[in-house]
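Please keep the sequence and the structure open while reading.

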Amino acid sequence: MADTFRSLRALEKTASTSRVLNLAALAVKHADNPEHLAQPLFHSPALNAAVILKHRLRPNEAEVVPGGARTVTKLIVPFERSDLGLGGRSIFVGERGWREGLQELAGGPQDLERDAGVLEALDELPSLDPFLVREHLRRRGYEVSSTHFEISSGDLAMMQQFVGSEIAKLIDLAYTGKAGNVANTSRLVEALLSDRPDERLEPLRLTLRLEGESYREGVFSWKGFLYYKWVLNTLWPRMREVLVELMKVKVVGPRDFENESLIKAIKVRLHETIERQAKAVADYLRIYDAVFEELTRDGNATAFRDFLLKSPEMLVRLGEGAGAISHITSFWRFRFPKHKPLQAGVGELLDILQDFEAGLGAAPLALSAAA
């Protein structure tokens, strides 16, 4: 219970969207929103006010989830959704008897087959980025209100400037120079990144030649590509640092020549795989950049519109690739802080590298046919 208490207290302050899906906060925010209530993520009200996170198993938890998984999906049902600091009860998706535990967390006898299926779908993903989660659930047949997939307020604030510079040309095209000053552009960016309809975006809708649901779907995909472009723009420098340190990290402590030889081999494979993964992700972004350039340079709205409406599968693959790289870079820096010795015991280092390799094995390494 102490661990759950501390983790929930920390989650109240987190701005992360890649490792955490805070349904408790969304339940409070959208308590009176008919759309949020009509298409919940989970049918169980208790589960639909839970906190879901990607959790790296500690050594004492390694045997809890069969199959050797190192990063698992954790479900926490808080005692009080408006105050996560009070703690809650939790289970790991896939742990022994987890479906029975899910029934207990839901608070009574009810059919949880669909809710368990949603959790299994989330467990298949490397991260909980809102765009990745939404498209993955849709291809599994789960229709959920878009209010469950909002970009967190912290990430929104950090994205504003980046997105403003990215779409400045389109704003000029759509508003024929009327976007005006930086403040007006900032307000348009805020409206674009919001999940709510905004009349200020009407010129953009007309420029993209989209109507109704197609407009909503197109804008969602567009936001997804902008989101991942922003994420990866900040991720590339950290990834390059990891690639250098990966080859330098040393084994300390008791010697195990067989495993040390294995570590050397994995290092080389992992370095190559990360580079291939980065190239594949960059290729997706180059396709987006090309059609966006057509739109802003030549006014070819049709090509950009068609790209957005046909891009859900590409968006999923982009998110999977970005999630795998993000996990590697964030955990590496957590375990090996800057200006600290690059060293670990043979067992721990082997465990880390195999976890990274497994994560990349589930991620795309080339453009799909959908591209």
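Ser221 has a relative accessible area of 2%, which is under the 20% cut-off, so Ser221 counts as buried. The model is predicted, and the values below are computed from it. The protein has 371 residues, and buried residues make up 50% of them. Its secondary structure consists of 15 helices and 6 strands.

**Ser221 and helix H11**

- Ser221 is part of helix H11, which covers residues 212-248.
- Leaving aside residues up to four places away in sequence, Ser221 touches Leu308, Ser311 and Leu315.
- H11 has 37 residues, so at 1.5 Å a residue it should span 54 Å; its end C-alpha atoms are 54 Å apart, in agreement with that figure.
- H11 has a kink of about 35 degrees at Leu235, shortly before the proline Pro237.

**Nonpolar cores**

- The largest nonpolar core contains 103 residues, and Ile52, Leu137 and Trp222 have the most contacts inside it.
- Helix H11 supplies the largest share of this core, with 17 residues.
- A second core of 5 residues is separate, and includes Val20, Ala24, Val51 and Leu53.
- Which residues does Leu137 touch, not counting residues up to four places away in sequence? They are Leu41, Val118, Ala121, Leu122, Tyr142, Val144 and Phe149.
- As general background, nonpolar side chains in soluble globular proteins tend to be buried together.

**Helix H12 and Ala278**

- Helix H12 runs over residues 257-298 and holds Ala278.
- Ala278 touches Trp236, Met239 and Ile325, with residues up to four places away in sequence not counted.
- Ala278 and Leu232 are 46 residues apart along the chain, and their C-alpha atoms are separated by 9.4 Å.
- Gly299 follows H12 and has a positive phi, near 70 degrees.

- Glu313 sits in helix H14, which is made up of residues 312-335.
- Is Glu313 buried, partly exposed or exposed? Its relative accessible area is 31%, between the 20% and 50% cut-offs, so Glu313 is partly exposed.
- Glu313 and Arg139 lie 174 residues apart along the chain, with 8.9 Å between their C-alpha atoms.
- His339 is located in the loop between H14 and strand E6 (343-345).
- His339 counts as exposed because its relative accessibility, 82%, is over 50%.
- His339 is not a glycine, yet its phi is positive, at about 70 degrees.
- In general, most residues other than glycine have a negative phi.

**Helix H15**

- Helix H15 takes in residues 346-361, and its 16 residues should span 22 Å at 1.5 Å a residue; the end C-alpha atoms are 22 Å apart, which agrees.
- The buried residues in H15 are Val346, Leu349, Leu350, Ile352, Leu353, Asp355, Phe356 and Leu360.
- An α-helix has 3.6 residues a turn, so residues three or four places apart point the same way.

- Why is strand E3 (residues 71-78) described as largely enclosed by the rest of the structure? The reason is that 7 of its 8 residues are buried.
- Strand E2 (residues 51-56) and E3 run antiparallel and are joined by 6 bridges.
- Thr71 in E3 is the bridge partner of Arg56.
- E3 and strand E4 (residues 88-92) also run antiparallel, with 5 bridges between them.
- Gly88 in E4 is the bridge partner of Pro78.
- In a regular strand, side chains alternate between the two faces of the sheet.

**Whole-protein totals**

- Among contacts in the protein with a separation of 6 or more, 73% are between residues 24 or more positions apart.
- The protein exposes about 17500 Å², and carbon and sulfur atoms supply 53% of that area.

Conventions. Residues numbered from 1 in each chain as written. Predicted model: local features only at pLDDT ≥ 70, side-chain atom pairs only at ≥ 80, totals over all residues. Heavy atoms only, no water. Core = buried A, V, L, I, M, F, W, Y, C linked by side-chain atoms within 4.5 Å. Buried < 20%, exposed > 50% of the residue type's maximum accessible area, 1.4 Å probe, protein only. Helix = DSSP H or I, 4+ residues; strand = E, 2+ residues; numbered from the N terminus. Contact = heavy atoms within 4.5 Å. Areas by Shrake-Rupley, 256 points an atom, 1.4 Å probe, with all protein chains shown as cover. Pairing = 2+ DSSP bridges. Expected span 1.5 Å × (residues − 1). Bend = angle between axes of the 7 residues up to and from the residue.
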